[in-house]
Amino acid sequence: MRFNLKTIGLCLVAGTMLAACSEPPEIAAKAAKRPDVAPYMGADNGFMTKGWTPKDEKSWTESVDKRNQNQTEYSRFK
């Protein structure tokens with residue numbers, strides 16, 4: 001009987017330690033992704049990219065393409 005209580009205690013401690021190591025869900029990421037709003041609608045605040053007009057899909061696409069081109073190492077050293 002004593003061995004069983006020790007085993008159960010170790011299992012409870014191990015289970016508690018594993019539960020403490022779990023990662024909580026990312027609430028901020030869920031709030032940022034809104035399926036009901038198109039990405040080019042955006043927010044009208046001070047953190048906007050120059051040349052992009054909120055609610056204009058064409059300028060949004062151009063801004064994303066320009067940003068992607070600046071991230072390519074080949075185009076930087078070309």
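**A guided look**

Guide: Let's start with Trp52, which counts as buried at 13% relative accessibility. Buried means under 20% relative accessible area, exposed means over 50%, and partly exposed is in between, with a 1.4 Å probe and protein chains only. Keep in mind that this is a predicted model, where local features need pLDDT of at least 70, side-chain atom pairs count only at pLDDT 80 or more, and totals for chains, interfaces and linings use all residues. Residues are numbered from 1 along each chain as its sequence is written, and side-chain values use heavy atoms, with hydrogens and water left out.

Visitor: Where is Trp52 found?

Guide: Look in the loop between helix 2 and helix 3. From Trp52 to Val64 you count 12 residues in sequence, and their C-alpha atoms are 9.5 Å apart in space.

Visitor: How many helices and strands does the protein chain have?

Guide: Helices (H or I, at least four residues) and strands (E, at least two) are DSSP runs, numbered from the N terminus. Here there are 4 helices and 0 strands, so the order from the N terminus is α-α-α-α.

Visitor: What share of the protein chain is buried?

Guide: Of the 78 residues, 4% are buried. The accessible surface comes to about 7500 Å², and carbon and sulfur atoms own 61% of that. Such areas come from the Shrake-Rupley method with a 1.4 Å probe; for residues, only the protein chains shown count as cover.

Visitor: Which residues form the nonpolar patch on the surface?

Guide: Patches are made of residues with over 30% relative accessible area and no salt bridge; like charges are joined within 9 Å, nonpolar side chains (Val, Leu, Ile, Met, Phe, Trp, Tyr) within 5 Å. A salt bridge is a Lys or Arg side-chain nitrogen within 4 Å of a carboxyl oxygen of Asp or Glu. In this model Leu5, Ile8 and Leu12 make up the nonpolar patch, with about 320 Å² of accessible area together. Leu5 sits in helix 1 (residues 2–20) and is exposed at 55%.

Visitor: Which residues form the negative patch?

Guide: Asp and Glu count as negative, Lys and Arg as positive, while His and the chain ends are not counted. Each charge is placed at NZ of Lys, CZ of Arg, CG of Asp or CD of Glu. The patch is Asp56, Glu57, Glu62 and Asp65. Asp56 is partly exposed, at 32%.

Visitor: How many disulfides are there?

Guide: A disulfide is a covalent bond between the sulfur atoms of two cysteines. Using a cut-off of 2.5 Å between cysteine sulfur atoms, the count is 0. Cys11 is exposed at 51%, and Cys21 is exposed at 67%.
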